[in-house]
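Student: Could you take a close look at how the helices pack in this one? I'd like a single connected walk through it.

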Amino acid sequence: RQTPFILFNHQRMRSTVDTMRRTISLAVENVPPLRSKPCRVDLALSIKTNPSIDVLKTGLNNGLLGEAISLPEVRAALTAGFASENIILNGPGKWYD
């Protein structure tokens, strides 16, 4: 049995986050319904799909929130350095209610 190999491009992630922020800013400036009512858009990294602590740290260092749906995911985010107020609890099973 072979071990999977995962290659993650941290620079591509930084570039994509920058592009998303610029695109959102342009939309807020140029789309009348968004321009007329102030809105806040937060970008978050799915911990379930990106559980690597190194990937989470890259997201954190680029201003992303962490999005978790389970206690192990919350623990991973905290281990990576996310402050608890920067972790979004999401998903269908609300174990934290």
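**Helix packing around helix 3**

Tutor: Helix 1 and helix 3 lie roughly parallel to each other. The numbers behind that: the axes of helix 1 (residues 10–30) and helix 3 (residues 53–61) cross at roughly 30 degrees and come within 10 Å. Since angles under 35 degrees count as roughly parallel, that is the label the pair gets. As for handedness, helix 1 passes helix 3 in a right-handed crossing. Keep in mind that this is a predicted model.

Now the side of helix 1 that does the touching. His10, Met13 and Arg14 are its contact residues, and they meet Asp54, Val55, Thr58 and Gly59 in helix 3.

Next, follow helix 3 over to helix 4. The axes of helix 3 and helix 4 (residues 71–80) come within 9 Å, with a crossing angle of roughly 65 degrees. That makes helix 3 roughly perpendicular to helix 4, because the perpendicular class covers 65 to 115 degrees. The crossing of helix 3 and helix 4 is right-handed. On the helix 3 side, the contact uses Ile53, Leu56, Lys57 and Leu60. On the helix 4 side, Ala76, Ala77, Thr79 and Ala80 take part. The residues of this contact divide into six nonpolar, one polar and one charged; Lys57 and Thr79 are among those in the contact.

Stepping back to the whole chain, the protein has four helices and three strands. Read from the N terminus, the elements run α-α-β-α-β-α-β. In overall dimensions, the C-alpha atoms fill a box of roughly 55 × 35 × 25 Å along the principal axes. The radius of gyration is 16 Å, whereas a compact globule of 97 residues would have one near 13 Å. Buried residues make up 23% of the 97 residues.

Notes: Residues numbered from 1 in each chain as written. Predicted model: local features only at pLDDT ≥ 70, side-chain atom pairs only at ≥ 80, totals over all residues. Heavy atoms only, no water. Axes fitted to C-alpha atoms, helices over the stretch in contact; angles between N-to-C directions. Helix = DSSP H or I, 4+ residues; strand = E, 2+ residues; numbered from the N terminus. Parallel < 35°, antiparallel > 145°, perpendicular 65-115°, else oblique. Left-handed = near helix turned anticlockwise from the far one by under 90°. Contact = heavy atoms within 4.5 Å. Rg over C-alpha atoms; globule rule 2.2 N^0.38 Å. Buried < 20%, exposed > 50% of the residue type's maximum accessible area, 1.4 Å probe, protein only. Nonpolar A, V, L, I, M, F, W, Y, C, P; charged D, E, K, R; others polar.
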